[in-house]
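User: I have a model open and want to talk it through. Can we start with strand pairing?

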Amino acid sequence: MSTIDVAADATPEQRGWMLRALVAAHTDGPRLIRLGPGRWDLGTAFALVRGTTTLRGAGRELTQIVGRGENHSATACMVEAAGDDVVLEDLTIRWEGGRGAQSQAVGYGSPNAPSGARLTLRRCTIIGGMFALYSWPGQANSILAEDCTIRAARFPVCAGNSSGARGQFVELVRCPIECDSTLHDTGRQPGTKSDIYRIAYGIYARGGRVRAVDCAFIIKGDREMAAVLGVGIPEDAAPQTRVELVRPRFDLWGNGAGRVAEFESLQPPATIEVVAA
């Protein structure tokens with residue numbers, strides 16, 4: 001494995017440019033990119049991570065990748081993992097943009113990623129706008145997150161999409177999953193299809209399989225919210241969608257929201273299984 005050490009001795013914007021160039025470069029073999037302490041500012045662009053790449057920071061409190069993206073566009077995803085085997089370790093990835101329906105911190109499984117590819121996150125903090133960790137409908141792709149804090153305003157973890165293949169697998173281990181609707185204005189439009197913005201889910205599963213082990217769900221809704229749910233499978237989910245919760249812990253705050261529930265499936269063939277032991 002080749003190793004590239006990148007010191008944080010430039011401006012945050014220059015570091016962000018260097019980071020985008022490094023991770024997007026094609027590579028013939030595995031590589032480790034080590035980021036020093038500091039702020040790595042992607043601006044309104046996004047980082048496309050290719051190949052078999054490990055991106056390692058100096059600690060989640062020390063190395064922070066930040067960005068703003070663009071409203072309602074593909075660049076609203078700050079970090080897109082598109083390699084065969086991408087690992088993100090010991091860093092924070094934080095969305096700092098304004099309102100926007102596609103404000104994602106980390107995305108995986110897009111057409112840029114090969115079938116069967118894998119994204120692993122360890123000891124990271126992922127903070128998004130509308131979404132934090134978004135698994136797109138890639139064919140047989142998988143995400144493993146261990147000891148990560150995942151936080152967003154509406155959907156910290158989103159698996160699947162309303163169209164395309166939905167064969168992905170997402171596993172979360174010892175991850176606090178936090179949702180606070182007051183953190184980010186997503187442009188609610190009551191009375192339209194955009195009413196989805198008035199629902200807060202810890203895990204929003206529209207396809208594939210999701211397994212959460214020893215995860216805490218801390219969900220806070222405001223009085224304009226129609227519902228606050230720890231885990232939800234919506235009506236348009238694929239029938240084979242499955243969520244397994246092993247020893248979950250729920251801390252849900254309605255603050256005047258219309259409905260508060262630990263989990264709910266609106267797609268009858270889909271399943272949510274809770275394992276206490």
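Analyst: Strands β6 (residues 63-67) and β9 (residues 92-95) run parallel and pair over 4 bridges. Pairing takes at least two DSSP bridges between two strands. Strands are DSSP runs of E, at least two residues; helices are runs of H or I, at least four; both are numbered from the N terminus.

User: Which residue is the bridge partner of I65 in β9?

Analyst: I93. This is a predicted model: local features need pLDDT of at least 70, side-chain atom pairs need 80 or more, and totals for chains, interfaces and linings use all residues. Numbering starts from 1 along each chain as its sequence is written, and side-chain values use heavy atoms, without hydrogens or water.

User: What is the strand order in the open sheet?

Analyst: β3-β6-β9-β12-β15-β18-β21-β24, 8 strands with parallel pairing. β3 (38-41) and β24 (249-253) are the edges, each pairing on one side only. The twist averages 10 degrees from one strand to the next.

User: Which strands does helix α1 touch?

Analyst: Helix α1 (residues 12-24) packs on the sheet against β3 and β6, at about 65 degrees to the direction of β3. Angles run from 0 to 180 degrees between N-to-C directions, with axes fitted to C-alpha atoms, for helices over the stretch in contact. Contact means heavy atoms within 4.5 Å.

User: New topic. Why does S135 count as buried?

Analyst: Because its relative accessibility is 4%; the cut-off for buried is under 20% (1.4 Å probe, protein chains only). S135 lies in strand β13 (residues 131-135). Beyond four places in sequence, its contacts include Y108, C158 and V170.

Conventions. Buried < 20%, exposed > 50% of the residue type's maximum accessible area, 1.4 Å probe, protein only.
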